[in-house]
Amino acid sequence: YAFSVTKDNAFTKTDVTVPVLHVVQARLAYVAAEGELKQPFKDELPTRQAQLSTLQDTEEFDVLVVGGGATGSGCALDAVTRNLKTALVERNDFSSGTSSRSTKLIHGGVRYLQKAIMKLDYEQYMMVKEALHERSNLLDIAPHLSAPLPIMLPVYKWWQLPYYWAGIKMYDLVAGGQCLKSSYVLSKNKALELFPMLKKDKLVGAIVYYDGQHNDARMNLAIALTAARHGAAIANYTEVVHLLKKTDAGTGKEKVCGARCRDVITGNEFDVRAKCVINATGPFTDSLRKMDDGKNTNICQPSAGVHIVIPGYYSPDNMGLLDPATSDGRVIFFLPWEKMTIAGTTDTPTDITAHPIPREEDINFILNEVRNYLSPDVEVRRGDVLAAWSGIRPLVTDPNSKDTQSICRNHIVNVSDSGLVTIAGGKWTTYRSMAEETLDAAVAAHRLGGGPSKTVGLVLEGGQDWSPTLYIRLVQDYGLENEVAQHLAATYGGKAFDVAKMARVTGKRWPIVGNRLVSEFPYIESEVRYAVKEYACTAIDVIARRTRLGFLNVQAADEALPRIVDIMGKMLDWSDKKRTEELEAAKKFLYLEMGYRSRSEQLTGTTEITLDTQEVAKYTNRFHKFDKDSKGFITTVDVQRVLQNISVQIDENALHEILNEVDLNKNGQVELNEFLQLMSAVKKGQVSDSRLAILMKTAEESLDLRGPVTVDRSGGGV
């Protein structure tokens with residue numbers, strides 16, 4: 001593409017006849033000729049405080065990027081590798097918005113290709129082609145964070161088989177030499193062999209195609225850290241208070257020349273001056289545009305996409321599922337991710353907010369769609385939702401278009417009269433090409449110099465020294481658990497050795513080092529220490545974006561929080577008050593934004609008891625085995641007494657937590673009615689893995705197996 005500047009400084013994109021492949025080859029040749037790019041911070045990243053000092057002390061940057069999501073970080077990396085003096089500020093954490101809340105796919109867009117073919121839409125076709133090129137590049141530059149994923153499209157009508165097959169083959173064809181693996185057709189039996197949870201009735205076969213999958217927040221962070229390694233001054237928790245402007249001597253017009261920024265953590269304000277300011281704020285695009293000119297109309301049309309995480313047994317380890325036509329016409333993906341299963345997304349209009357909350361109706365919609373595709377043998381329970389989140393997709397209208405109501409299907413680059421460059425819309429997969437296009441526009445509008453983009457093939461943080469067998473060295477050299485070593489290699493790539501070096505000795509025979517934060521996940525304490533080096537400033541940064549614990553299991557994340565706060569508190573010298581604030585803020589984040597509230601609301605004081613007479617009698621009898629004194633309630637003392645009888649020991653604090661989950665009126669005891677409400681919710685699938693329900697059932701079975709003590713065993717009798 002080439003760009004031309006119109007009178008109002010809006011950039012129009014014109015098709016260049018040079019084939020894309022030749023452009024890429026020419027660019028790669030240019031990068032090779034230039035030699036290895038300079039990395040002033042190859043060995044050690046500057047601290048956040050050092051980055052803030054650079055922002056304040058630098059007389060003028062060439063480029064100031066506002067927004068630390070995938071696109072903003074991509075812009076910073078593109079700019080700094082063109083030898084432009086680059087700064088980036090983000091008012092929250094890197095990837096704290098939409099970029100960490102995606103479907104985790106790196107894809108060209110099967111449904112976009114379908115629309116392109118059905119409507120003979122060349123623009124849609126080119127959008128898919130560009131995305132497929134970017135998919136291939138992203139898999140190459142971050143091999144530790146991404147991998148091809150086979151996705152099954154089950155077919156339940158014979159006529160759909162050739163229809164879908166032709167469409168998927170066209171997807172392969174458009175990818176050309178960058179096709180990950182060729183798609184193929186499966187018989188009914190083979191489909192069920194690979195995806196045994198699939199509904200068998202009326203299944204005629206399936207088609208499997210390949211797309212990419214990644215760890216989105218870590219990928220975003222890798223882009224930002226790579227920019228920092230190359231010399232970009234980047235700072236999270238640094239917000240723009242207002243834009244700086246000066247009068248252009250030649251035209252007499254006001255031009256944007258930087259921004260007044262505020263360190264959110266300390267409250268300190270300072271100016272960052274730059275020849276060009278890039279607005280890459282995603283859903284908050286219009287906020288910065290209105291700072292530039294209060295008369296600007298909104299171009300962002302926000303749409304909420306909700307995802308849920310359910311246990312890994314709902315899907316095979318390495319096979320996703322695509323539902324191409326849900327009950328309301330939306331597409332649902334059902335994918336293995338981080339040894340769990342992720343399902344989504346919805347697509348509903350929403351208000352712009354920094355803290356989107358997943359709605360219960362969206363969670364239930366996804367569960368219902370999942371039920372439609374899984375075997376009746378698999379009970380899809382509401383209580384199995386381990387986490388849920390909502391991400392705001394920033395759909396945009398083109399400000400240069402006469403029809404301002406029409407949604408732009410791709411992305412737009414706009415330069416205002418004052419010189420503010422805005423990049424808006426688009427998708428995760430094409431972040432790099434969007435950044436390149438944005439910098440091309442910025443260089444042309446502000447005459448910045450610098451060469452062409454050098455980011456095709458530029459390996460991201462951790463990718464340089466990664467290999468598929470790297471985890472074996474971690475096990476052998478450091479004495480880490482195999483699962484932990486695999487996780488570190490897949491998260492940090494070549495930097496995993498730095499994390500391993502920070503791991504403390506366990507005091508056990510095995511593993512030698514690496515204390516887990518929670519028993520069922522491979523996250524270890526040294527990752528919290530390393531997270532601070534990666535600019536983590538809050539406990540939320542660690543549970544949501546440095547590790548993905550908050551996205552995988554809210555209860556496990558809640559359990560890990562005290563230890564995370566303790567480690568960070570020591571490293572960052574937090575006061576007791578600050579530690580309490582961090583703990584409460586993180587718990588609030590899990591409760592509202594990660595679906596803990598929706599999960600906890602499945603059992604409330606108004607939960608209806610829908611047990612039949614026999615079930616009520618059964619559970620009442622179980623309850624009375626603990627309530628020996630017929631008080632009508634049980635406490636930790638009652639439970640401890642029963643556990644001692646069957647030679648089981650549980651820590652008193654853990655026991656308090658177990659009862660507190662069911663103690664609806666929070667009076668320190670569980671009444672019979674509360675217990676019956678719990679068992680009713682378990683029966684309906686609203687609650688699963690209730691620790692008290694499982695504990696009491698197991699204890700009852702152990703008591704029944706032991707039976708009454710005989711006379712001769714008691715020492716009596718004649």
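I began with Tyr-163, which counts as partly exposed at 35% relative accessibility; the classes are buried under 20% relative accessible area, exposed over 50% and partly exposed in between, with a 1.4 Å probe and protein chains only. The model is predicted, so I noted that local features need pLDDT of at least 70 and side-chain atom pairs pLDDT 80 or more, while totals for chains, interfaces and linings use all residues. Residues are numbered from 1 along each chain as its sequence is written, and side-chain values use heavy atoms, without hydrogens and water.

I then looked up Tyr-164 and found this residue buried, at a relative accessible area of 16%.

I searched the whole structure for aromatic pairs and recorded 14. Rings of Phe, Tyr and Trp (its six-membered ring) pair if their centres lie within 6.5 Å; planes under 30 degrees apart are stacked, over 60 edge-to-face and the rest tilted. Tyr-163 and Tyr-164 form a tilted pair, 5.5 Å centre to centre with 55° between the planes. Tyr-492 and Tyr-530 pair edge-to-face, at 5.6 Å and 90°. Tyr-492 lies in helix H13 (residues 482-492) and Tyr-530 in helix H15 (residues 525-533), so this pair ties together parts 38 residues apart in sequence. Helices are DSSP runs (H or I, at least four residues), numbered from the N terminus. I found Tyr-492 buried at 3% relative accessible area and Tyr-530 buried at 6%.

I noted that ring pairs also link Trp-159, Tyr-163 and Tyr-164 into a cluster.

Last, I looked up charges over rings (NZ of Lys or CZ of Arg within 6 Å of the ring centre and within 35 degrees of the ring normal). Lys-199 lies over the face of Tyr-156, 5.7 Å from the ring centre. The charged end of Arg-548 sits over the ring of Phe-551, at 4.5 Å from its centre.

Notes: Helices (H or I, at least four residues) and strands (E, at least two) are DSSP runs, numbered from the N terminus.
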